[in-house]
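Please open the model in your viewer and keep a selection panel at hand. The tour goes from one selection to the next, with a word on what is found at each stop.

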Amino acid sequence: MINIALCIYSAVKLKLIMQKIVIFFTLIQTFSVLGTADLEVGFYQDSCPNTEQIVRSTMEQHYSADLKIAPAILRLHFHDCFVRGCDGSVLISSSSSEKTSPFNAGLSGFEVIDDAKNRLESGCPGIVSCADILALAARDAVSLTGGPSWEVATGRRDGSVSSALDTFNLPTPFDSVAVLKQKFLAKGLSAQDLVTLTGAHTIGRAECRLVSYRLYNYTGKGDVDPSINTNFANILSMQCPRKGSGRNLIPMDTGSPDVFDSTFFFNVVQGNGVLESDQKILDDMSTRAYVRTYAGFDQAANSFESAFADAMQKMGGIEVKTGSEGNIRKVCSVLN
Ligand code: HEM
Ligand SMILES: *[C@@H]1O[C@H](CO)[C@@H](O)[C@H](O)[C@H]1NC(C)=O
């Protein structure tokens with residue numbers, strides 16, 4: 001009798017414990033749902049309705065003073081997203097922050113983001129993240145140079161860590177296509193995304209030091225990279241003379257470095273790619289077809305611009321912090 005009573009008692013108790021466990025996990029789930037959220041188009045519609053116009057007019061102003069702002073901002077967004085996600089970590093100025101890494105050499109345009117942030121802070125203090133400003137500005141950079149536009153989902157929160165040690169995720173022009181694919185895949189981006197996003201090199205410039213080895217000492221025997229078109233190697237040698245400064249900047253899309261178009265891919269198909277990594281996406285079987293399509297060599301209508309818009313939306317969502325994660329920085333170059 002006592003045994004049966006005990007047994008019922010412990011069964012009831014067990015049931016209660018089980019219910020508590022269920023409630024506990026439900027609560028945890030609820031809290032984590034509160035902590036994270038999806039990005040959404042028009043996130044600042046109520047809290048700071050002029051956000052997108054303010055970023056746009058800031059970009060327009062800086063761009064009309066210096067066309068080089070557009071490629072600079074586009075590259076900045078990419079380097080932000082590939083390290084700790086699109087969280088503004090690339091913008092931090094400190095002795096060991098991301099921007100001090102050799103992988104980030106040559107980044108510029110920081111002052112444009114700071115300017116947009118100042119303007120936004122005066123109307124809506126503490127509302128708009130630096131990561132969102134950068135994502136919006138990158139979209140504007142592409143449309144200002146004649147490329148496509150797209151809706152930028154917002155609601156990113158700023159990160160509180162920026163370390164040069166994290167920047168090894170970034171691709172380099174010396175990486176093989178296999179390594180580049182790996183680095184993109186690790187961020188949820190496909191081989192096609194790799195090709196599409198490399199098309200960003202339709203605008204902007206690279207330093208001669210990243211190109212000269214292809215012209216003068218490719219395998220250490222004083223030879224030329226055989227994948228460079230011979231005529232183009234002569235042109236590059238004039239732009240980057242053997243004894244010239246490695247710091248000289250040359251266009252990556254010869255012919256139209258300030259216009260966002262698909263001639264970059266046409267150049268690559270001709271052997272006129274400037275960076276070794278740009279040229280190598282033509283050799284690899286998993287990337288070659290995309291290069292040819294975007295160059296206009298296939299039957300299909302040239303789909304580069306719409307693919308680029310899609311891929312940028314994908315890139316802009318890499319490992320984003322939302323909801324109650326991260327924070328909203330007061331000054332984009334300084335952690336709160
Ligand atoms: C596929 C791997 C990539 C590699 C290896 C690579 C490498 C480089 C290098 C070496 C430069 C020249 C930097 C300098 O000399 O200062 C450069 C410039 C640039 N990159 Fe990339 N990049 C890659 C992908 C991307 C992506 C995905 C984007 C954006 C969506 C991008 C946007 C740019 C832009 C716009 C510039 C010109 C910057 C300027 O003129 O200020 N790149 N990239
Ligand atoms: C070419 O590269 C080799 C091997 O890295 C090096 O020993 C040689 O000094 C280089 N030559 C020139 C002209 O830079």
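In this predicted model, begin by selecting D193, a residue with a relative accessible area of 8%, which means that D193 is buried, since the cut-off for that term is under 20%. D193 is found in helix α7, and if you leave aside its neighbours within four places in sequence, the residues in contact with D193 are G188, A311 and K314.

Next, show the side chains of D193 and K314 together, and you will find a polar contact of 2.6 Å joining them.

Now widen the selection to the whole of α7, residues 191–198. Six of the eight residues of this helix are buried, so α7 is largely enclosed by the rest of the structure; the buried ones are D193, L194, V195, T196, L197 and T198. To see what covers them, colour the helices α6 (177–185), α10 (263–269), α11 (276–280), α12 (285–295) and α13 (304–315), which are included in that cover.

Finally, move on to the loop between α7 and β3 (205–207), where H201 has its place. Select H201 together with ligand 1: the NE2 atom of H201 is 2.1 Å from the iron atom of the ligand, and H201 is the single donor that the protein provides to that iron.

Note on methods:
Residues are numbered from 1 along each chain as its sequence is written. Chains are lettered from A and ligands numbered from 1 in the order in which they are written. This is a predicted model: local features need pLDDT of at least 70, side-chain atom pairs count only at pLDDT 80 or more; totals for chains, interfaces and linings use all residues. Side-chain values use heavy atoms; hydrogens and water are left out. Donors are N, O and S atoms within 2.8 Å of the metal (3.2 Å for Na, K and Ca); water is not among the atoms, so sites may look incomplete. Helices (H or I, at least four residues) and strands (E, at least two) are DSSP runs, numbered from the N terminus. Buried means under 20% relative accessible area, exposed over 50%, partly exposed in between (1.4 Å probe, protein chains only). Contact means heavy atoms within 4.5 Å. A polar contact is a pair of N or O atoms within 3.5 Å; within protein, one must be able to donate a hydrogen and the other to accept it, and residues adjacent in sequence count only if both atoms are side-chain atoms.
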